[in-house]
Amino acid sequence: MFSFILRKLATVIPTFIGITLVAFALIRMIPGDPIEVMVGERKLDPVMHAAAMQRLGLDQPLHIQYFRYVKDLAQGDLGISLVTREPVTKEFLTLFPATVELAICALLFAVLVGLPAGMIAGLKRGSVFDHGVMGVSMTGFSMPIFWWGLILIMYFSVTLGWTPVSGRIDIEFDIAQRTGFLLIDSWLSGEEGAFKSAAMHLILPTIVLGTIPLAVIARMTRSSMLEVLREDYIRTARAKGLAPTRVVVVHALRNALIPVITVIGLQVGSLLGGAVLTETIYSWPGIGKWLVDSISRRDYPVVQAGILVSATIFIVVNLFVDILYGVVNPRIRSAK
Amino acid sequence: MTTQVQIADVVPSYPSPLKEFWQSFSHNKGAVVALFIFLSVIFCGVFAGWIAPHDPVEQYRDHMLTPPSWAGGGMSTYLLGTDELGRDILSRLIHGARISLFIAFMSVLMSLIPGMVLGLLAAFFPKGAGTVIMRVMDVMLALPGILLAICIITILGPGLINTMIAIAIGTLPSYTRLTRAAAMAEINKEYVTASRVAGAGALRLMFLTVLPNCMAPIIVNATLGFSSAILETAALGFLGLGVQPPTPEWGTMLSAARDYIERAPWVVTMPGVTILVTVLSINLMGDGLRDALDPKLKRAA
Amino acid sequence: MSLLKIRNLRVEFGSLAHPFPAVDGLDFDIDRGELVGIVGESGSGKSVTMMALMGLIDAPGRVTADELVFDGHDLLKLKPAQRRKIVGKDISMIFQDALTSLNPSYTVGFQIKESLKVHMGLRGAALEKRALELLELVEIPAAKSRLGAYPHQLSGGMNQRVMIAVAIACNPKLLIADEPTTALDVTIQAQIMDLLERLQKEHNMGLIMITHDLAVIAEMAKRICVMYAGQVVEQAPVADLFRAPRHPYTQALLEAIPEHSKGARRLSALPGIVPGHYDRPKGCLLSPRCRYAQDKCSQERPALLDGVRCYYPLNAEGESTHG
Ligand SMILES: Nc1ncnc2c1ncn2[C@@H]1O[C@H](COP(=O)(O)OP(=O)(O)O)[C@@H](O)[C@H]1O
Ligand code: SF4
Ligand SMILES: [Mg+2]
């Protein structure tokens, strides 16, 4: 098992190096003078310009610059925001929990609804329920989620007035940041109504962000279930005289879930992309919205950091999924 | 019983591949309906100039935010109503079809062709070129869809052509991987060895011998790529990073419409429904296509 | 009274309007401690018959029979839950491909113990002991360590032994072996056959040995039942069958023995294949392929008379071996 993990780890390293190269190159590929780009001002005084070049090490050869960039990264230094003049890392750390909270809720929503729905659809193949699940998931899969977000706001917030339109919590609450997850922090704060407010703010973004993963998970679970039910070992299990529920739960489910795990892992990528849209619609103060805002403000160090961090999350999550895959699937673990 | 015997007596005749394909495809009712919807979207896109009742950018300042014709206060000239600047929504949607389909088509082409070439190279030269290509693809895959597009738009700036490029680069890894996997499966088969022995050059082997046998999964993937390109174009437009106003792009239309959720819901509803229906029809078609092209999955799913 | 009595078993697939009888009016009996062989080409309905007996045919397949009585229970009248108390305990079955028939996600030990837990209620040390004993019974070396192995870590022969252990776990009265060695090498084939024969004798089980190759069971079975297109076409003691086959199909199978041993899949004495859904003949099911067919054969189906289903049986009484 340990060597299996090491092997997996080794395969990600080149990818990670590639990502740092891309992030490093990003700022240098933007048309224009790097100092002007970084400082965000045009027509700098030549003396200041040279000084800045030297201060930032931009007069050095590229590979030296790159090593310096990686060294800074290793120390957790992601640069300075051009707009706020704050360290990017600091901003990131305050915004990151919001995105994680939203993403976790969305994934939970997708898994908790999509898995059982796909499973039952597979077991009751051809039934009305099956057709319903397939129709809904196909629609979900085709959904422009930014529009879906607007429609939900239009109906639930504007027409019915049930849910708030944007943000993470009503402004009357001033919740001390402990975990960064407002759901937990508001609970801990003990302020009356704070938790409810945080939860209400989460509902619509969760649904919107969870829609596509839900559709993908439901479809995948169904087809994986159908495939497994055709396997010889299911016949064996039935020939043993096991009850149908035991056949499904013990023998079919575990094998059916193996490919679904990979798919869930891949959904983390779509969650990161979806977060950009969802956070923009709901003014959710997370890294997705931060990234989009920074592009329009030409705050390049932030964009660079955002790209790097998103890719890193994606790589780490998929590494984790790969390892998990090995844990549940004995055939993979021992394969060379 | 009698029919069974009759069938047995008939000399088997083999339908042409195209006919067989259509038989298989038309088996799936949803896919056929989807095909017709999609054909009408294409029709609208191609003949937008003739079909659209109004100029898509003309602003009828006297009729701003007119509701759809069936709603109270609607006007029959503006079938689906007008937007905040008094432009006819229906005409904008029809012209938008042209833009979305064009971007989607070009971006699929721009990633499909290089993707196939890279995939074949990776399959034929697994040691040198292959390793490098696949490593680069891994890096690109680590930046999920829209983030990679954002990354590219940051460098290139927003706009129609750049949207196309961004989407094309984003989907390149999937075609490369798919082609490589399909080609690797074919490469050791006897017919390839036979033509290698017969003296076929690497190029000939790659493009004439192996590639045609890898097309089925690639075509299916291209269909899905087409629909996700439409979604991504709209998403970028919505974020203000894609096609710029006043060009009538579906996502860009939505981005401006956000402020009118309360006053003019149709401005929000129409473009979204159009995107959803178009994408849904392509995906349904893709499902039908997959079942019809992949003999292994035939009638199984 | 026989252990298993099947009368007029019919298993249909396809739509109600165009049914396909995979098993068509089959009669079969087996006694306690008896070893019966069932032979027939692929597609003859051997597996489907046994799946119907085990209750493993799912809708839209339809199973009907005048009698399907096992050990005094009319299986078709039992509720599913009651039937499952018999299936896997008193009747059990092993399949062709052991590797795919074992669940890849669970250890060998788990899969053996499962039956013991469900049917015998064994727990703890008794369970552990019995599982080990079973692995030793099927002659798996280093049995103790093998309990923790996954199927993909074992060879094909080992996996088939595991399948046998699972099948005999609850001391069944009837064991069905559906082409248990088809997927294995010749040497391993013989070992598995010996093992099955030994277990059958030691435990006095009824054993139905299914194969498409007559040679495989020639020495083991006392009685052989030849199936074709869902019907029994001949039934006879082994010696009689080999010495004087009466059905043309049996004769063709016998002629094929040397070819089978060379790995040939078709019967050269019998061109064509078993009829499927759309080409079932009106008359004798063998008529399109039978070299003795006459006009009558393609008009009406012959009945099973005196152990043979043919209008013009070969080797009539007294005559010596045909051709
Ligand atoms: N689930 C099923 N649905 C439809 N036809 C089936 C099914 N299972 C088996 N058959 C058909 O029944 C016939 C007998 O099959 P089988 O019993 O597996 O043959 P054998 O075991 O003798 O090789 C074959 O023609 C097969 O195609
Ligand atoms: S009945 Fe006729 S066709 Fe059928 S086996 Fe006998 S001789 Fe052949
Ligand atoms: Mg069989």
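Where in chain C does C:Glu179 lie? It sits in the loop between β8 (174-178) and α8 (186-203). Before going on, please keep in mind that this is a predicted model.

Back to C:Glu179. Its phi is near 45 degrees, a positive value, and the residue is not a glycine. Most residues other than glycine have a negative phi. Is C:Glu179 buried or exposed? Buried, because its relative accessibility is 8% and the cut-off for buried is under 20%.

Next, C:Ala229. Here phi is near 50 degrees, again a positive value in a residue other than glycine. Look for C:Ala229 in the loop between β10 (223-228) and β11 (231-237) of chain C. C:Ala229 is buried too, with a relative accessible area of 2%.

Now the cis peptide bonds. As background, most peptide bonds are trans. In chain C, the bond from C:Ala59 to C:Pro60 is cis, and omega is near 10 degrees. C:Pro60 belongs to the loop between α1 and β4 (62-64) of chain C. In chain B, a cis peptide bond joins B:Pro245 to B:Pro246, with omega about 10 degrees. For B:Pro246, go to the loop between α11 (215-239) and α12 (250-257) of chain B.

On to the interface of chain C and chain A. How many residues are in contact? On chain C, 27 residues, and on chain A, 21. Together the two chains bury about 2,200 Å². Of that area, 54% is on carbon and sulfur atoms.

What about salt bridges between chain C and chain A? The count is three. One of them pairs C:Glu114 with A:Lys240, and the closest N and O atoms are 2.9 Å apart. Across the same interface, 14 residue pairs are in polar contact, both partners being at pLDDT 80 or more.

The largest share, six residues, comes from α4(C). By class, the side of chain C that touches chain A has 13 nonpolar, ten polar and four charged residues.

Staying with chain A, look at A:Glu101. This residue lies in helix α5 (residues 88-123) of chain A. A:Glu101 counts as buried, because its relative accessibility is 4%. What does A:Glu101 touch, leaving aside neighbours within four places in sequence? The contacts are A:Arg168, A:Phe181, A:Leu182, A:Leu183, A:Leu202 and A:Trp284.

Back to chain C, for helix α11 (residues 248-255). Seven of its eight residues are buried, so the helix is largely enclosed by the rest of the structure. The buried ones are C:Pro248, C:Tyr249, C:Thr250, C:Gln251, C:Ala252, C:Leu253 and C:Leu254.

C:Pro248 comes up again at ligand 2.

Over to you for questions.

Conventions:
Residues numbered from 1 in each chain as written. Chains lettered and ligands numbered in written order. Predicted model: local features only at pLDDT ≥ 70, side-chain atom pairs only at ≥ 80, totals over all residues. Heavy atoms only, no water. Near = heavy atom within 4 Å. Contact = heavy atoms within 4.5 Å. Buried area = accessible area lost by both parts, 1.4 Å probe. Salt bridge = Lys/Arg side-chain N within 4 Å of Asp/Glu carboxyl O. Polar contact = N/O pair within 3.5 Å; in protein donor to acceptor, adjacent residues only side chain to side chain. Helix = DSSP H or I, 4+ residues; strand = E, 2+ residues; numbered from the N terminus. Nonpolar A, V, L, I, M, F, W, Y, C, P; charged D, E, K, R; others polar. Buried < 20%, exposed > 50% of the residue type's maximum accessible area, 1.4 Å probe, protein only.
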